[in-house]
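Please look over the sequence and the model shown below before reading the briefing that follows.

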Amino acid sequence: MTEFKDYDITSNTGFKTPVLFERFFIVNEKTEKSQFVDNISPYEPIIIGDATNYLFVKELFPSAIKYEGDSITILEESHNSSIIRVEAGRNWHNFVMQSLQLGLFNLENLALIPGTVGAAPVQNIGAYGREVSDSIKTVHCVSISTGEHIQLSAKECSFSYRQSIFKHQEFKNLLITHVDFELSKLENPIANYPDVAVYLEQQRNIHPSALDIAHAIISIRTNKLPDPSEIGNAGSFFKNPIIDITIYESLVSKYPSLPKYDIDDIHVKVPAGWLIDQSGFKGIRINGAGVHEKQALVLINADNAHGKDIYELALMIQHKVHALFGIMLEPEVNILL
Ligand code: EPU
């Protein structure tokens, strides 16, 4: 275990807004139970990976903890699939590309998502027709309060759209250390998401490989989403709201271009980016905070914004979207007030 005092992670966060921790703990596989119980747990640290999906509204926090270690081990191999254990500190995109190099498939649609392997299950990252929960077998954690190691099956993680038990208050003391993925040795590319389909058509690629899908998505994301190393952002700021189909029908009679994705017989998901765009926020700049000009769902640190500037812009957006469409947008980003 390493402990840093007055640790500034501003330049490593998604939004690049100022943030300092009085104590910052870095732990790994060798950290002992007694160190969790005696040295770390009393400070109730916030768990962070690469802090790519956090908005720090306050600028000074008592403590945080991060797991380091990025090994990859193949645990089991069968004819059609492999089970692979990855340490939480590994960069997500690096792992996706490595899985493809190993001839293991199903993560290709999740290429270029910022953050770590350990953060992926927390919000059940998803993009272009796949969610990470489809490939997770087991999540390994350590309880910060007791130092005990705990294993959770995918079912026990209660994954749903951008949700898992790790977002619930009573599980906030579970630090993810490893994730076991079950990946296919057979390619099963999903290429029907509109942006991906259009890209592949332009390339005249009618039988894309998994690697082609990854390259298509890298290109789409690079063109549409700001690179967090250049412009502070945390990807989609809000979740796409799931609404009753009856509400959708009354909205679409007023706004015929409102897109939808079917969820079940009575619910549809509507794109928050469309709602924010129609509310007139695309490209706006207020006190250094902004809304990306190519994707209204992405809030950005346009010019030395502080966390509170981005937070205030988010509240303004929530308010206007609610007033216009009667829909309350829920943040996807973890907001620390
Ligand atoms: N749209 C607009 N204006 C905008 C942005 C979007 O009209 O400014 C419309 C688009 O035309 C499209 C629809 O909204 O009809 C959906 O937009 P897009 O395909 O860009 O995807 P999204 O729903 O905004 C979601 C995920 C992304 C993921 C993409 C692709 C959420 C909250 N976001 O975005 O995930 O990459 O689909 O699968 O589910 C993230 O979570 O950080 C993230 C980037």
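How many residue pairs are in polar contact between domain 2 and domain 3? The count is two residue pairs, both at pLDDT 80 or more, where a polar contact is a pair of N or O atoms within 3.5 Å, one able to donate a hydrogen and the other to accept it, and residues adjacent in sequence count only if both atoms are side-chain atoms.

This is a predicted model, in which local features need pLDDT of at least 70 and side-chain atom pairs count only at pLDDT 80 or more, while totals for chains, interfaces and linings use all residues. Residues are numbered from 1 along each chain as its sequence is written, and side-chain values use heavy atoms, with hydrogens and water left out.

**Domains and their interface**

- An automatic or database assignment divides the protein chain into domain 1 (2-67), domain 2 (72-184) and domain 3 (232-336).
- The C-alpha centres of domain 2 and domain 3 lie 27 Å apart, and their contact (heavy atoms within 4.5 Å) takes five residues from domain 2 and six residues from domain 3.
- Domain 2 and domain 3 bury about 520 Å² between them, counted as the accessible area (1.4 Å probe) lost on being put together, summed over both.
- Arg 162 and Glu 332 meet through their side chains in a salt bridge at 2.9 Å, N to O, the rule being a side-chain nitrogen of Lys or Arg within 4 Å of a carboxyl oxygen of Asp or Glu.

Definitions and conventions: Buried area = accessible area lost by both parts, 1.4 Å probe.
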